[in-house]
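Please work through the following exercises with the sequence and the model at hand.

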Amino acid sequence: MTKGRFAPSPTGRMHLGNIYTALMSWLSAKSAGGDWLLRIEDLDPQRSRVEYARQIEEDLHWLGLDWDEGGLDNIGDAGPYCQSMRSSIYAEALGKLTDTGYIYPCFCTRADIMATQAPHQSDGRIIYAGTCRPSALPSEFIDPLRPHACRLYVPDTEICFCDAIYGEQRINLAKECGDFVLRRADGAWAYQLSVVVDDGLMGVTEVVRGNDLLLSAAQQQYLYGLLCLPAPRFVHLPLVCTQEGRRLSKRDHSLSMEEMRHRLPPDAVIGRAAYLAGLTDRPEACTPKDLLGIFNIDRIPKAAHVTVPEEWL
């Protein structure tokens with residue numbers, strides 16, 4: 001059975017881009033007769049707030065996007081569903097990866113990494129140069145008591161997977177990102193490890209999210225294999241952008257849930273998200289259930305982004 005999920009970070013109020021992603025995830029799972037899970041990704045203690053998580057839940061209920069499993073009430077058997085409460089689970093997974101011999105301590109600071117290489121292509125990404133790989137750093141310089149990140153070795157081979165929107169993807173992790181961090185020097189768990197462990201143990205079979213995470217999908221495919229966990233189907237959506245081509249963020253107040261709830265009923269917000277996804281020809285008011293009969297992944301644009309009409313801003 002299909003199990004989709006929506007996994008927001010409770011660092012502020014959701015905006016239309018978040019709703020568009022949540023709606024597509026809900027529709028994809030429900031149109032297949034499956035379940036929809038809500039996970040709270042609150043690994044950032046400085047920015048995450050429980051009051052934001054409660055507001056996310058209230059906004060989803062208001063929109064008619066109800067979940068079958070998860071949330072702050074821990075509905076289901078795979079909880080807890082807040083990542084801040086799952087540290088021991090991530091530690092166990094890291095232990096298994098350490099046993100493979102592919103994990104090594106990394107003492108590089110962000111400044112060190114930025115100084116070693118020019119940004120990759122035009123997106124500002126930095127490819128880790130392998131400075132702390134055991135073959136590169138003499139063993140006498142490795143101090144196990146010194147704070148360090150746990151970094152995962154990646155092979156110089158292609159990771160292949162098929163995305164439901166963008167088709168076959170072939171990504172060489174060594175060339176596109178280099179060895180990546182699973183636990184930071186301050187002890188915080190990295191997104192790549194936590195999301196793979198959570199989706200695997202929670203039985204998620206489908207991940208619907210923005211196409212800015214296509215590279216992450218390759219990193220996660222690699223981790224699924226190492227941890228012997230089943231990989232989900234990936235559905236990467238075109239990003240919702242402003243007229244200037246800038247992706248939506250919490251600073252776009254006019255498209256925040258706070259502002260939209262003052263001006264629009266819930267079915268109007270759902271109608272706008274459905275229109276951006278190509279499910280309807282006009283942004284007409286509708287409920288999530290109204291869209292189940294017309295939902296089709298093939299109707300979602302294959303462009304890099306979709307643009308919010310100027311009159312909505």
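**Exercise 1.** Determine which residues aspartate 59 touches, not counting residues up to four places away in sequence, and decide whether aspartate 59 is buried or exposed.

*Solution.* The model is predicted.
Step 1: Locate the residue; aspartate 59 belongs to helix H2, which covers residues 50–63.
Step 2: Leaving aside residues up to four places away in sequence, list the contacts of aspartate 59: Arg13, Met14, Met257 and Arg261.
Step 3: The relative accessibility of aspartate 59 is 0%. Buried means under 20%, so aspartate 59 counts as buried.

**Exercise 2.** Describe how strands E6 and E7 are paired, and sort the residues of E6 by face.

*Solution.* 
Step 1: Strand E6 (residues 158–163) and strand E7 (residues 167–172) pair in the antiparallel sense, over six bridges.
Step 2: Three residues lie between E6 and E7, and the two strands form a hairpin.
Step 3: As an example of a bridge, glutamate 158 has asparagine 172 in E7 as its partner.
Step 4: In a regular strand, side chains alternate between the two faces of the sheet. In E6, the covered face holds Ile159, Phe161 and Asp163, while Glu158, Cys160 and Cys162 are on the uncovered face.

**Exercise 3.** State how many disulfides the structure holds, and examine cysteine 160 and cysteine 177.

*Solution.* 
Step 1: The structure holds zero disulfides.
Step 2: For cysteine 160, the nearest cysteine sulfur is that of cysteine 162, 11 Å away. A disulfide requires sulfur atoms within 2.5 Å, and cysteine 160 is in no disulfide. With 39% relative accessibility, cysteine 160 counts as partly exposed.
Step 3: Cysteine 177 is likewise in no disulfide; its nearest cysteine sulfur, that of cysteine 106, is 13 Å away. Cysteine 177 has a relative accessible area of 11% and is therefore buried.

Key: Residues numbered from 1 in each chain as written. Predicted model: local features only at pLDDT ≥ 70, side-chain atom pairs only at ≥ 80, totals over all residues. Heavy atoms only, no water. Helix = DSSP H or I, 4+ residues; strand = E, 2+ residues; numbered from the N terminus. Buried < 20%, exposed > 50% of the residue type's maximum accessible area, 1.4 Å probe, protein only. Contact = heavy atoms within 4.5 Å. Pairing = 2+ DSSP bridges.
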